[in-house]
Structures are given as C-alpha cells and as structure tokens.
Amino acid sequence: MKYSIPKGVFDILPNEPKEEDQWRSSHHWIYIEEVIRKCANDFGFKEIRLPLFEQTELFVRGVGESSDIVSKEMYTFLDKADRSLTLRPEGTASTIRAFIEKKLYTQPGLHKYYYIGPMFRYERPQAGRYRQHHQFGAEAIGVGAPEQDVEMIHFLWEFYHRLGLKNLYVQLNSVGDEPSRASFRKALTSYLEPHFSKLSEDSQVRFSRNILRILDSKSPEDQALLEGAPSLADHLSLEAKDHFNKVQQLLRQLKIPFEINLKLVRGLDYYNQTVFEITSSKLGSHNTIGAGGRYDGLTEAVGGPYLPSVGFATGLERVLQTLQGQNIPFPKPPHPIVFFVPLGPKALHACFLLVAQLREEGISAEIDLSEKKVQQGLKLADSTKSKFCVVLGERELETGEIELKEMASRTSQTLPFHDLISFLRKTHV
Ligand code: HAM
C-alpha cells in the first residue's frame, strides 16, 4: 500500500525538487522566521505559542457564525469524551482566549503578542490557498488609540520591506463602531430587500446573518446590485470618522502608501473600525498576503473585560511565493565547513572521532559513513557544498599528514592531522 499526502497540504522539504515550488524549501521558512523574530523584537512583540486545537465554541463565538470559516471551513471533530474540538483556523480567537483565561491583563506592561504556525481551513485548494497554511500573526490587546492600529500596519509593512517585497498595496477601510454599523445595516437592508431574490445564494444567507458581508461578494450580479447601495462611509459616527482620519494621517506620516477601499469588510465577524488588507499584484485572485483590523468586542465575547484590540496575520506561503515570483533571492542555507571521505575501517574510525570533536566545538563537519569509493565520496562532498574536503586513507594515517582541499578553488594544502582542528577553528571564526 502506497500512501499519498492529503489534498491541500504539502511537505516542507530541505530542498524542494520542483523549480516552481522552490519557495517551499525549509531553509526559506527558517529565514523568514528569523526576519519575523527580529522585526517582532524591534516592535516590542513577544511570542505566544498556542494549541493547534480549541473548543469549537471558541471559534463559533469568536470568529462568528456568519463567517465562511465557521460556516464551511472548520476541521471539527469529537474527541473520545465527546467534546467538540476544532483545528484552529486562525490565531486571534486563541490568543484572546489565552489572554482572558490566564488573566494576562492583570500583568503590568504592554500586551503585544505574535505567533507563527499552521492554521487549518477546509477550502478548495488552489494556487496560494491550502487546507493547512501557516500564518505569522500579531495582536495588540488593550489599546483603543488609532496609533495602535497604525503600529500594527507599520509592523507588517516593515516585515515585508525587510524581506525586499515590492509592489504591495495597503487597502484600508473603516467598518465603523457599533452605532455606525447599526445605522448602515438598516440602510443596506432597506436598499437590498426589494432585490433579495436577485442576490446570489451566499448573499441571501448573509442578508439575514451579517448583511455587511454582502459588500465582499465576488458574484458579478451582487456587485451590479450594489452599484447604487448606500455607503458605510456615510454612516460613520463622529468618533469612528475621527479614528479613521487619524489612522490615515499617521499612515501618511509614516509614508506607508494606502488606498481606501469602501468595499473592504473582511470575512471574519469580529472586526470594527479599521480593517486592512495588503495585496500583491502577483498572486492572481488570491493576492492578499496579509490582513487584519481592530476587534474591540472580542475580549467580551469570549468572557473577558472590555479590551479594545487590533491585529493582523500574513500567510507565509503567500509571502514565500511572492518572494519567488518577484525573483528576490533567498539567502543560501549554511553548508558544512569540512567533509570527510574516509577510506577503509581504520580511517573511518579516526574521522568519526574527529568529526565528533569538531561538532562539539561548533564547527559543522560532515562525514561519509557509507564507505564509498573516493570519486563517489568527493561527489557527495560537492553536493553538500562543504568549504573543505579531506580524503583520509591508510597513507595519511601512517604519515599523520592530511590534504585539506578547498572545494571552490580546487586547491589543497598539507597539514598535520592533529593541527586540523586549530586550523578549522581559525577559518571558521
Ligand atoms: P485572514 O484574512 O483570514 O485573517 O487570514 C490572514 C492571511 O492568511 C490571509 O491574508 C492569507 O495570506 C492567509 N491565508 C488565509 N487562508 C489561507 C489559505 N487557505 N491558504 C493560504 N493562505 C491563507 C485572519 O486569520 C485574522 N486572524 C487576522 C487578524 C489577526 N485579524 C486581527 N488579528
């Protein structure tokens, strides 16, 4: 019986064999994770690691019943004690759950967290869309000021900037506070009610569940109906307008280019006020690489005190694909300093002990333990892209002298065997 990987997921291999999937190679993930950690540190965010599954109800309450995530895409199962659990589809609800459960708001200091990890959504797999994808996300809990919204957008923008990504666009909107939305909902309901039968099936469901989401509809018929619809911007309360204006002013001051997109409402129900998406022209219809917004009501919805919050998440597959699509070179993975090709059992034993010693000194050393012939051993050394190679046989053991070959220049030098460590120590530093 041969097994194959489930649909919509992929392996992350040290070296992805397919050219178009090079972005998947594991050293690229390590690289962008390093950039994330440095950037998070510079912006004052601390890492939080959350479980891969939670009580289903957390996502139903947190992300919202009218969202596609909850209504169609969750991996939900019963455990052996008949509890309903769900593989996390996103990280915000879990971060807030942990924050409230552990009463982290009673701790002094700023409450700024980031996470990196897999998320699970039962979506139709296609380019840039997977059933297991990985997010880098961040949440700032407890501050309602517009500066906090802009700090988040700046953080995400700076991360992309450090990676060298180009041609990115920030789409910005305000979905208002509760009074703004109540007034807009009323106006939109009166406008769409006479056209109800012409709405797409999805939008008919959204009509009663969360009418705002109809603005997000991809159906051309819905979009045509929305042409003359009232605009959320005309229903913003004075406070919401002020907040939104301040966000725009600060973005201009930080020189982060943005466009207002009045149709942007986001697919998760917890948002209020500022919402944003960052898109790249390169990824076709799934070109949103990162997105987020303010969600002031979520802490109360999951049983905590009122704590206005804002966050974002970016899909790491989409970041890596965009890097490859824009031909931005990834740093090379590290290679061994020295590769040993032992010839015969005695040499193997001597090299084995030497390699162990080198590694203990923090010098990356590799050895061919399979006792191949010289030519095959050298080929192997080449494939590892080691800086040096040593072929050690009976003769070298007798004379105590070895030949250290520098692979790039194909030049060699002779050294006493017992000087090798101190020589490599110097080269390595
Ligand atoms: P989201 O827009 O659902 O937001 O997902 C964030 C990002 O994850 C997307 O922009 C996209 O890059 C990536 N993504 C989502 N689904 C997939 C998929 N099936 N395959 C590949 N990539 C995907 C959230 O998850 C919110 N929790 C963001 C947030 C944090 N808002 C406030 N705080």
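1. Start with helix H9, residues 238-253, in this predicted model. H9 has 16 residues. At 1.5 Å a residue, H9 should span 22 Å. The C-alpha atoms at its ends are 23 Å apart, which agrees with that expectation.

2. Which residues of H9 are buried? They are Ala-240, His-243, Phe-244, Val-247, Gln-248, Leu-250 and Leu-251. These residues cover an arc of only 165° around the axis, so they sit on the same side of H9.

3. Now turn to the other face of H9. Exposed residues are carried on the face turned away from the buried side. They are Leu-238, Glu-239, Asp-242, Arg-252 and Gln-253.

4. What do the buried residues of H9 pack against? Their partners include helix H5 (146-163) and helix H6 (178-192). Strands take part too: S7 (168-174), S8 (258-260), S9 (272-280) and S10 (288-294). Check the backbone just after H9 as well. There, Lys-255 takes a positive phi of about 60°.

5. Next come the charged pairs. Side chains of opposite charge can pair when their charged atoms come close. How many salt bridges does a search of the whole structure find? The search finds 27. The points below look at some of them.

6. Arg-37 and Glu-47 form a salt bridge through their side chains, at 2.7 Å from N to O. Arg-37 lies in helix H1 (residues 26-43), and Glu-47 lies in strand S1 (residues 46-47), so the pair ties together parts that are 10 residues apart in sequence. Arg-37 is partly exposed, at 32% relative accessibility. Glu-47 is partly exposed too, with a relative accessible area of 29%.

7. Glu-361 and Arg-425 make another salt bridge, with their closest N and O atoms 2.7 Å apart. This pair links distant parts of the chain, 64 residues apart. Glu-361 is in the loop between helix H12 (345-360) and strand S13 (365-367). Arg-425 is in helix H15 (residues 420-428). Glu-361 counts as partly exposed at 35% relative accessibility. Arg-425 counts as partly exposed at 39%.

8. First, its side chain meets that of Asp-382 in a salt bridge, at 3.1 Å from N to O.

9. Second, look at the backbone of Arg-410. Most residues other than glycine have a negative phi. What is the phi of Arg-410 near? Its phi is near 60°, a positive value in a residue other than glycine.

10. Glu-371 also has a positive phi, near 50°. Where is Glu-371 placed? Its place is in the loop between S13 and H13. Glu-371 is partly exposed, with a relative accessible area of 44%.

11. Salt bridges can also join up. Which residues does one such network link? Its members are Lys-38, Asp-42, Glu-158 and Arg-162. Find these four in the structure and trace the links between them.

Note on methods:
Residues numbered from 1 in each chain as written. Predicted model: local features only at pLDDT ≥ 70, side-chain atom pairs only at ≥ 80, totals over all residues. Heavy atoms only, no water. Helix = DSSP H or I, 4+ residues; strand = E, 2+ residues; numbered from the N terminus. Buried < 20%, exposed > 50% of the residue type's maximum accessible area, 1.4 Å probe, protein only. Expected span 1.5 Å × (residues − 1). Arc of directions from axis to C-beta. Contact = heavy atoms within 4.5 Å.
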